[in-house]
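Please look over the structure below before reading my notes.

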Amino acid sequence: GDVLPGKTSTEAGKIEDRTLGGLLPDLAEFEPGVCASRSQQPHRKNYFQPSKELIRRLRRYEVRHRKCAGRARNFFHPQSQSEKDDCRYVVWIAFSGLGNRLMTLMGAFLYALLTDRTLLVDGTKDMSELFCEPIPKSSWLLPPEFTEEWLKTVNESSPQRFAHNSTDGGGSSVTADFSYIHFTYTFDHKDETFFCDESQDQLESVPWVFMKSDNYLVPGYYFVSRFNSDLGALFPDRGLMFHLLGNYLFHPSDAAWAWITRFYRSYLSNQDRLLGIQIRTFRPGPLPSFSEQLQQCILNNSILPKVVADGHSELKQQISGLRELKNGTTVLMTSLESYYYDNLREYYLSRPTESGESVAIHQPSHEGKQRTDNIGHDIKAWAEIYLLSLSDSLITSGWSTFGYAAQALAGVRPWILLKSEDDQVPDPPCVRAKSVEPCYHQFPIGNFKCPSKDAAHDRNSFAYLQPCEDVFFGAKLV
Ligand code: GDP
């Protein structure tokens, strides 16, 4: 078969729609044989359909992208731009871990959709080896003239840094005019004025916008009046923005897909239900209280079957035999450590479940530590995010964009393990997410004022912006 086993793509002979309800361009538009993950698109049980308006906007975007991407070299030949075409760009600069990159790249793409720009991706990092090209007959990678060296010069000290009024929107003698939007952790309140109407008016006339961020900025776009109404039309359900645009943009490269399908076929194909568990503690070494927290989350919420209690010693010795095997639940666990996997596996091997169901637990890798931009490491990270996104239900770790990416691609509201402040198990150990959207961690709450507004912006301005379950000062779309 040409789809992942266990996820049959056809129901009663019905031909599967490989465009995800019109979200993706027709397969025939792409060069044949270049991106197996696109033609072998697995069936996502929790996939939500895009709006007509979004489909229309994406097709319009693709036409523009094909026209403009090839002209990006003109950036370094500003004089030859005297005839001035109508191509304007947003350039995404790679920063931080893979989950963060997926958030910020999706955010840059949405900005391109909202402002009629063309998105170009920093190709100096692993990105080109991890993902397929999303736009038919075109590339989303910056041409090689944009070297790693040169991209490094676009940083918080650049005179082009937006709202830091040195040469806003100005170029240099050797480049076209550009602005740099700075949202890595050293951002300040001036950078946040990016979310003001007048800033967006000003940026209209700037042909090139560079963006570097480690935050999911999308909830902030709602502060810009004209983006707000546009977003309402494109995403009648605001909690599905990353779900839809993520599924539009992020298709595993053949190298990543080969890894994903090998793992899936060997470990995940034989199941009734797939539970994904993503463990991220943000510090090295095992954390026993987190293992305890995971177990409490699972049992309090009946996420996995109960094992027989100590009082039932006769049941404890119950032998289920080796015939008439049922599939049961399969758990895909991901973590930099193997400790949490060992504990949970041990728990389910040491006693039978009350229902007799089996629980199989697998973890693809335990890399020990983050090694972003090492391709072997990044392929595993991307493969694991993708595999998690095939789960029927999810438990994720608070604060982690790795988990956000998986839940949003899946369309599954996860149980979020809350971060403990004191190495004790928090009460409750986990909460159910209100939507599948990622959290904007450093959301600007009442910190900055736009020139045209009397009051400072506020998270409470919009009912659909709510505090994140895991980061109380953050905001997410619900
Ligand atoms: P965040 O730091 O949790 O928000 O997620 P990021 O993905 O931005 O950065 C963490 C990086 O650490 C990942 O991109 C991986 O390189 C690595 N990493 C963290 N957790 C895992 C995991 O469960 N599996 C693998 N393979 N890598 C992980």
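This is a predicted model: local features need pLDDT of at least 70, side-chain atom pairs count only at pLDDT 80 or more; totals for chains, interfaces and linings use all residues.

1. Residue numbers start from 1 along each chain as its sequence is written.

2. Four strands make an open sheet with parallel pairing, ordered S2-S1-S4-S3. Strands here are DSSP runs (E, at least two residues), numbered from the N terminus. Two of them pair if DSSP finds at least two bridges between them. Strands S2 (118-121) and S3 (178-183) each have a single partner strand, so one side of each lacks a neighbour in the sheet.

3. S1 (residues 89-92) runs parallel to S4 (residues 208-213), and four bridges join them. Tryptophan 92 has methionine 211 in S4 as its bridge partner.

4. Helix H3 (residues 98-115) lies across S1, S2 and S4, at about 180° to S1. Helices are DSSP runs too (H or I, at least four residues). Angles run from 0 to 180 degrees between N-to-C directions, with axes fitted to C-alpha atoms, for helices over the stretch in contact. Contact means C-beta atoms, placed from the backbone, within 7 Å.

5. The other open sheet has six strands with mixed pairing, in the order S7-S6-S5-S8-S9-S10. Its edge strands, S7 (359-362) and S10 (430-432), pair on one side only. The twist averages 20° from one strand to the next.

6. Six bridges pair S5 (residues 273-278) with S6 (residues 329-334) in the parallel sense. Leucine 274 stands opposite threonine 330 in S6. Helix H16 (residues 401-410) packs on the sheet and touches S5 and S8, with its direction at about 160° to that of S8.

Conventions. Two residues are in contact if their C-beta atoms, placed from the backbone, lie within 7 Å.
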